[in-house]
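Thanks for coming. I have one structure to go through today, and I will keep it short. Here it is.

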Amino acid sequence: MASLRRELPVTLLSGVLVAAAMLPARARAQDVTDVKPPKSNLVLKESGSFFVGGHPEHIDSAFGSGGEGSSMINQMYFQFQKPATGNDEYPIVFVHGCCLSSKTWETTPDGRMGWYEYFTRKGFDTYMGDQVGRARSGFNALEYNRVQAGVDPGTSNPRITIATDQFAWNVFRFGDFATKTPWPDERFPMQTVGVGPHSSLDFYKQVIPDLSTTVGTGSRPIDPGDVWPSASQMAKLARKLGGAILVGHSQSSSYPTRAALFDPTGVKGMIQLETGCFDNLTPAYIDILKKIPLLVMVGDHFSTPQPPESCITEMQQLKAAGGDMTFIALPDLGIQGNSHMFMQDNNNLQIADIIIDWIDKHVEKKH
Amino acid sequence: MSLILAVLLAAVQAHYQARVLTFGCNSSTEVAELQRIRSDPKTFQNRFLELVTYGQCIAIAKGAVVEGAVESADRSILRLEAASSPPGYMAPMSDFKQVKAAEKSGK
């Protein structure tokens, strides 16, 4: 296993070699001049994208463009890349948090390698999805058009979450917003949120309107997994892949658990970054979850004690049932200063290695 | 397994419509906390957004129709969508009215 985690060799394999794989990561930054090229080429055997789930919603002629018909909603977009030389671990699936997209896992705002590339380099088939209601995934726009047409009152309009810079400073734990003073040991690249000379606002370009309030507003679908679908779509993907390790962050942190409870068939590991715990699990749910290892990881500078009560309760319940739940507060490992966005912090690859080590020790291998 | 759960849950589920823009959370403790501060919109909004961001709660649009069941241990709590998004979301019962499935906001 360890030998497979070294940098992948620069080898052209027969079969599909993605042309983009031979390019440094220059094309993926928010400011191309910021991107730091890697020391070695990233060699892939395959990359691609697809949707999971979604269902056609009937649209009356009063609300649709081009006449009455159906429009797809709640489909979830995934993209992936597979290394030319893989490891013996199951594929890993990343899903982002509030007001963000799968850009979260790509090149960091200051141009360093993100986890999408790093995990691929470490031999994982790596997937990342946009939550339903965000970026390239669908949502139910009918709710807005009904209000615009005066059929529904404005008070029924779903609220679009617009995260501000103040939100980012407070919730992502950058420091004191009023004075724009970061924590002394802050590891987030603060020059991308306007701090210091030659700073930019590049991180905020990742923050996009969050339409998740529209999720669940469609007509009652045949497939129950299409109601609040992101977690169930993750479960469907894990099953189709023949097994996967699911990762949620922040707003999606509880999705790996929800996915496993929806359909545990393909869920081989659950990684929940920055909470996502439950204290309302019934014995039937615990019976499912005790069979799948769970890692919950949090960073530094929380204003509340860590782990939170819900995590303590869940850990006690799962361990009493013979389950495998690990809670890691990075400061407890002697790693200080990590923000809510530790996949983009200046030690993001160190954190990735901790996760990979946990996977190695807790999650079953493919073969 | 999910099919079994879905069948079991379907036996006790009913449809409810959100009367207002409301929320569902991973625990009833979080519901109680939000209910306590709801009369202070600014405090509520800040805390709610924090709980959403940390994956503990979701927003539910006014008019949304959901499947749910009243928690037997606490009749003020509705457990929503336990079949589609297990273990469901805990929500304040007072924010919902029971409807027939076909009513679906008249949409």
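A residue is called buried here if 20 or more other C-beta atoms lie within 10 Å of its own, with C-beta atoms placed from the backbone. Please keep in mind that this is a predicted model.

I start with strand β6 of chain A, residues 126-130. A:T126, A:M128 and A:D130 point one way from the strand, A:Y127 and A:G129 point the other way, and all are buried. With five of its five residues buried, β6(A) is therefore largely enclosed by the rest of the structure.

Now its neighbours. Strand β4 of chain A, residues 76-83, pairs with β6(A) in the antiparallel sense, over five bridges. In that pairing, A:F78 stands opposite A:G129. Strand β5 of chain A, residues 92-95, runs parallel to β6(A), and four bridges join them. There, A:F94 has A:M128 as its bridge partner.

On to chain B. It has three helices and seven strands, in the order α-β-β-α-α-β-β-β-β-β from the N terminus. Of its 107 residues, 46% count as buried. Among contacts in chain B between residues at least 6 apart in sequence, 66% join residues at least 24 apart.

Technical notes: Residues numbered from 1 in each chain as written. Chains lettered and ligands numbered in written order. Predicted model: local features only at pLDDT ≥ 70, side-chain atom pairs only at ≥ 80, totals over all residues. Helix = DSSP H or I, 4+ residues; strand = E, 2+ residues; numbered from the N terminus. Buried ≥ 20, exposed ≤ 12 C-beta atoms within 10 Å, placed from the backbone. Contact = placed C-beta atoms within 7 Å. Pairing = 2+ DSSP bridges.
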